[in-house]
Amino acid sequence: MTKFTVNNQPIDYRMDPKTPLLWALRDASNLTGTKFGCGTGHCGACTVDVDGNAVRSCQVAIGSLEGTFVTTIEGLSREREHPVQQAWIAKNVPQCGFCIPGMIMAAAVLIKNNRNPSEEDIEAAITNICRCGVYPRVIEAVQLAARIQRGDETVAGPPRPGIEPADAARIVPALTPPKN
């Protein structure tokens, strides 16, 4: 049995200690925000925060995580209030969305450890692959997230998850459909 904390909840995984963290999260904990991309650690879709480090969860065995604290995309903020989530929405970063959870987690770790990252810092820390090519917006979003986290800037909050489309349109005018 392997014991560590996931999204502030103590977990006892009764799985082979060699099981990659990715599969323990997705299959045993039903935390499907952490995505399976390449399985080799190159794409970054499976990035999570382990004790303040951005870790490719497909490359780390749960047996090596005894006593650690793991945060997944679900653990940042269910209401999308984390500065990185706010900045991603404000800068219109998401496209298909597959790589986004891993990028958000890498960005969250970066701004936790570096309150004012330069463009070079961001490029070095976020090496995730995105087929949609959102890289310029990612740099802008990380810089905005750092400003939000420092309290230098605010953005309007996004609609809450599960909101009805008509209510979302009232909260975010850009979502109002054009009139015929």
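## Charged pairs and a buried threonine

Glutamate 153 and arginine 147 are joined by a salt bridge, with their closest N and O atoms 2.6 Å apart. Keep in mind as you look around that this is a predicted model. How exposed are the two partners? Glutamate 153 is partly exposed, with a relative accessible area of 30%, and arginine 147 is partly exposed too, at 26% relative accessibility.

How many salt bridges does the structure hold? There are three, and here they are side by side:

| Salt bridge | N to O distance |
|---|---|
| Glutamate 153 and arginine 147 | 2.6 Å |
| Lysine 112 and aspartate 49 | 2.6 Å |
| Arginine 150 and aspartate 152 | 2.8 Å |

Let's look at the lysine 112 pair. The side chain of lysine 112 meets that of aspartate 49 at 2.6 Å, N to O. This pair links distant parts of the chain: 63 residues separate lysine 112, in helix α4 (residues 100-113), from aspartate 49, in strand β3. Is aspartate 49 buried or exposed? Aspartate 49 counts as buried because its relative accessibility is 6%, and the cut-off for buried is under 20%. Lysine 112, by contrast, is partly exposed, with a relative accessible area of 46%.

Next comes the bridge between the side chains of arginine 150 and aspartate 152, at 2.8 Å from N to O. Arginine 150 is partly exposed at 24% relative accessibility. Aspartate 152 has a relative accessible area of 53%, so this residue is exposed; the cut-off for exposed is over 50%.

Now for charges that gather in a patch. Which residues form a negative surface patch? Glu119, Glu120, Asp121 and Glu123 do. If you want to find glutamate 120, look in helix α5, which covers residues 119-125. Glutamate 120 is exposed, with a relative accessible area of 55%.

Finally, let's visit threonine 34. Where does threonine 34 sit? You will find threonine 34 in the loop between α1 (21-28) and β3 (47-50). Threonine 34 has a relative accessibility of 2%, so this residue counts as buried. And what does threonine 34 touch, leaving aside its neighbours within four places in sequence? Its contacts are Leu22, Leu25, Arg26, Ala45, Cys46, Val48, Ser57, Thr72, Ile73 and Glu74.

Technical notes:
Residues numbered from 1 in each chain as written. Predicted model: local features only at pLDDT ≥ 70, side-chain atom pairs only at ≥ 80, totals over all residues. Heavy atoms only, no water. Patch = residues over 30% accessible without salt bridge, like charges linked within 9 Å, V, L, I, M, F, W, Y side chains within 5 Å. Areas by Shrake-Rupley, 256 points an atom, 1.4 Å probe, with all protein chains shown as cover. Salt bridge = Lys/Arg side-chain N within 4 Å of Asp/Glu carboxyl O. Lys, Arg positive; Asp, Glu negative; His and termini not counted. Charge placed at Lys NZ, Arg CZ, Asp CG, Glu CD. Helix = DSSP H or I, 4+ residues; strand = E, 2+ residues; numbered from the N terminus. Buried < 20%, exposed > 50% of the residue type's maximum accessible area, 1.4 Å probe, protein only. Contact = heavy atoms within 4.5 Å.
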